[in-house]
Amino acid sequence: SIFEHALTTKPLIKDRRALTIDYVPEKLPFRDKEVSEVAQAVSSILKGRRPSNLLLYGEPGTGKTAVVTSVAEKLRKKASELGTQITFLIINAKTANTPYKVLFEIAQKMGLNNEGKRVHFTGLSIGEATTRILEFIQKKKLHVILAIDEIDSLADKNDDILYSFTRANEKMSEGGFLSLIGISNVLTFKEKLDPRVTSSLSEEEILFNPYTIAQLQKILADRVKIAFHDKAISDGAINLCAAVAGREHGDARK
């Protein structure tokens, strides 16, 4: 009877993908300014120039990762139209769990592990794995933007990687380069870093302010239209969710 009910009942959800944590809508409400600032910061890569390192910080749920993901997709598309080769990677340092796994994921996504001196899943020192990544960038003359989400998690465990990455271009000759985008939920993140890392990583900074309750209501209402069938979710439920989320942000700031 449960199966029959599942087959005959009209589903509430229209697009389950829109309910996943990594879903990024085509347009990001109330983040036009931040999208423009990030896009402007990385746009020089289309002319073969290294963008400045960029640090984005703000409370969780303020759209930092979504903005970077959206800009990355549009930048890749524009580079493809122009016939320009760029590499834009987004790595989550917290889900990677350890500094070495961060390096392994970078190597995997960069294509290093398909050839040459691989970064194996285990077995190398942090220093050797970092060196192999940077040598690969130089050898292939790659133009790389590396966004490290929840970068504060990496800094807590090993900021030697960040030091190596922020200083990498001093050792590279012509051709390849590496630019960093750090994404942090911790407003005091920079206080944890070696001052040499701080000065290089935060060449440009963007602060993401929390959404207001009214903005959250609009964001949720737009997402409901994508994810659910008509009248599946009431306005009252949307307003309640927006109020709860807004209150959580307010409590976090106290």
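Modeller: A charge is said to sit over a ring if NZ of Lys or CZ of Arg is within 6 Å of the ring centre and within 35 degrees of the ring normal. Arginine 31 has its charged end over the ring of tyrosine 211, 4.2 Å from the centre of that ring. This is a predicted model, in which local features need pLDDT of at least 70 and side-chain atom pairs count only at pLDDT 80 or more, while totals for chains, interfaces and linings use all residues. Residues are numbered from 1 along each chain as its sequence is written, and side-chain values use heavy atoms, with hydrogens and water left out.

Next come rings against rings. The search of the whole structure finds one aromatic pair (rings of Phe, Tyr and Trp, the last by its six-membered ring, with centres within 6.5 Å; planes under 30 degrees apart are stacked, over 60 edge-to-face, the rest tilted). The pair is edge-to-face because the rings of phenylalanine 104 and phenylalanine 121 have planes at 90°, with centres 5.1 Å apart. Phenylalanine 104 lies in helix H5 (residues 99-110), and phenylalanine 121 is in the loop between H5 and helix H6 (126-140). The two are 17 residues apart, so the pair links distant parts of the chain. Helices here are DSSP runs (H or I, at least four residues), numbered from the N terminus.

The two partners can also be described by accessibility (buried is under 20% relative accessible area, exposed over 50%, partly exposed in between, with a 1.4 Å probe and protein chains only). Phenylalanine 104 has 16% relative accessibility, so this residue counts as buried. Phenylalanine 121, at 49%, counts as partly exposed.
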